[in-house]
Amino acid sequence: LCDTFAWGSVHALQALAAELVPALRFNGRPHWIQDFQRPGDEVLERALAWIHADDPRPWFCLVNLYDVHWPYLPEGEGRQRLVREYQGPVDGFLFRSDGWEPGYPLDQDDKRHVNDLYEGEIYDLDRLVAGFLDRLDLERGGTAVLVTADHGEALGEGDTWNHDDVREVQVRVPLILRLPQPTPRAERHASAGSGVDVAPTLLELAGLPVPAEMEGQSLLAPLAAGRERWVDDRDHVESADFRCALYRDGFKLVRFGRPPAVRYELYDLANDPGGFRDVQGEHAELFRELIE
């Protein structure tokens, strides 16, 4: 629906109306006539109802949760526990807020408040997901669960915000797999997993063949040593704004733009986990090898 000409026209009219009439800005929400970000409790209840339906067949259920997403507006216990007192001008709508003053420099109290709001949302969603998993009877051993995210969120690290980039805080996400066993053994791996590994893992768990054209590999087997990973930016449509990243052996190469106007940055993630200091001058040979 969102890709149709009709819906694009509606969106364009909304944007025009918001420019002309301040009361219609709605803190930068792009679709004020329809909200796709359904509350997690509603989504999880509907998922449980479908899972527990009277149907003997094996099932696969994909649950997509938006609660930890812009805008940062915790409403439950997370706000009470984690959002500290704050008197500043920044709210959970951040730069899209109707009250945002362009050019305002965020100080440490402002950034702490935004982080508190985000942590509050995570706390509330954790409790919802925990309740959902408790009702799946996982101790019976017949159900696998994989939890991950499509992106992280920058909350002021290196003055980076939102998720429309390939900074570490934006692309490094949890990936948690619970095997279909009554009491699976807990392990933590530092191996270089990736979102492209999710589909092969689920297919193997289901006993289905993994298509040869899939780039990922199942997480049920040890990951290959020295594995390279690729991250593609899909938030920027202009060639000059495109960026992508290549990971190898603790280093991260980022390419900005497209030929002929291309520039690169190289990060040593072992010594700079956030990936903010360009070290291509210190690793010239590796840099040349990676860009080739």
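This is a predicted model: local features need pLDDT of at least 70, side-chain atom pairs count only at pLDDT 80 or more; totals for chains, interfaces and linings use all residues.
I'm taking partly exposed to mean a relative accessible area between the buried limit, under 20%, and the exposed one, over 50%.

**Aromatic pairs**

I searched the whole structure for aromatic pairs and got seven. One of them is Trp 50 with Trp 59, an edge-to-face pair with ring centres 6.5 Å apart and planes at 85°. Buried or exposed, or in between, for Trp 50? I get 49% relative accessibility for Trp 50, so I put it down as partly exposed.

Phe 95 has a relative accessible area of 31%, so I file it as partly exposed. I then checked which cluster this pair belongs to, and found Phe 95 and Trp 100 grouped with Tyr 104 and Trp 161 in one aromatic cluster.

**Charges over rings**

I went through the arginines over rings. Arg 96 lies over the face of Trp 70, 3.9 Å from the ring centre. Arg 258 has its charged end over the ring of Phe 242, at 4.1 Å from the centre.

How do β7 and β8 run relative to one another, parallel or antiparallel? I have them as antiparallel, with six bridges joining β7 (residues 251-256) to β8 (residues 263-268). Phe 256 has Arg 263 as its bridge partner in β8. The two strands make a hairpin with six residues between them. In that turn I noted Gly 257, with a positive phi of about 80°.

Technical notes
Residues are numbered from 1 along each chain as its sequence is written. Side-chain values use heavy atoms; hydrogens and water are left out. Rings of Phe, Tyr and Trp (its six-membered ring) pair if their centres lie within 6.5 Å; planes under 30 degrees apart count as stacked, over 60 as edge-to-face and the rest as tilted. Buried means under 20% relative accessible area, exposed over 50%, partly exposed in between (1.4 Å probe, protein chains only). A charge sits over a ring if NZ of Lys or CZ of Arg is within 6 Å of the ring centre and within 35 degrees of the ring normal. Two strands pair if DSSP finds at least two bridges between them. Helices (H or I, at least four residues) and strands (E, at least two) are DSSP runs, numbered from the N terminus.
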